[in-house]
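Here is a short tour for a first look. Keep the structure open as you read.

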Amino acid sequence: MTIFPPDPNLDALRLELARLRAVRGWSYDELASRSGLARRTVIEIEQGRTIGTLKTWHALAHALATPVEELFGLLCRGHEPPGSSRT
């Protein structure tokens, strides 16, 4: 029997990116500048048109002074994270 993991909650991840940017009062340009990413990349990730790479999220986390594991923990929002069940 094959058990597939639930889909990651990408909406929670992108919404947190938008929230963190807004809390700081940063524009797309500001976050792009601080992360070293293109403005278009930041917009496309935040608006859900692309997921981004691990390297991209690493840059965003550093720019936002937020641990990357805190951001990626949101991928399991709405379902049980791996390793949390006691079977």
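## An aromatic pair

This model is predicted. Start with F72, which counts as partly exposed because its relative accessibility is 27%, between the 20% and 50% cut-offs. W57 is buried, with a relative accessible area of 3%.

A pair of aromatic rings is described by the distance of the centres and the angle of the planes. The count of aromatic pairs here comes to one. In it, the ring centres of W57 and F72 lie 6.4 Å apart, and the planes meet at 65°, so the pair is edge-to-face. The pair links distant parts of the chain: W57 belongs to helix α4 and F72 to helix α5, 15 residues apart.

## Helix α4

Helix α4 covers residues 54-63. Its buried residues are T56, W57, A59, L60, A61 and A63. They pack against α1 (10-24), α2 (28-35), α3 (39-46) and α5 (68-73). After α4 comes A65, with a positive phi near 55°.

## D29 in helix α2

D29 lies in helix α2. Is D29 exposed, partly exposed or buried? D29 counts as partly exposed, because its relative accessibility is 45%.

The side chain of D29 makes a polar contact with the side chain of R39, at 2.9 Å. L74 is 45 residues from D29 along the chain, and their C-alpha atoms are separated by 25 Å.

## Charges over rings

Technical notes. Residues numbered from 1 in each chain as written. Predicted model: local features only at pLDDT ≥ 70, side-chain atom pairs only at ≥ 80, totals over all residues. Heavy atoms only, no water. Buried < 20%, exposed > 50% of the residue type's maximum accessible area, 1.4 Å probe, protein only. Helix = DSSP H or I, 4+ residues; strand = E, 2+ residues; numbered from the N terminus. Contact = heavy atoms within 4.5 Å. Polar contact = N/O pair within 3.5 Å; in protein donor to acceptor, adjacent residues only side chain to side chain. Phe/Tyr/Trp six-rings, centres within 6.5 Å; stacked < 30°, edge-to-face > 60°.
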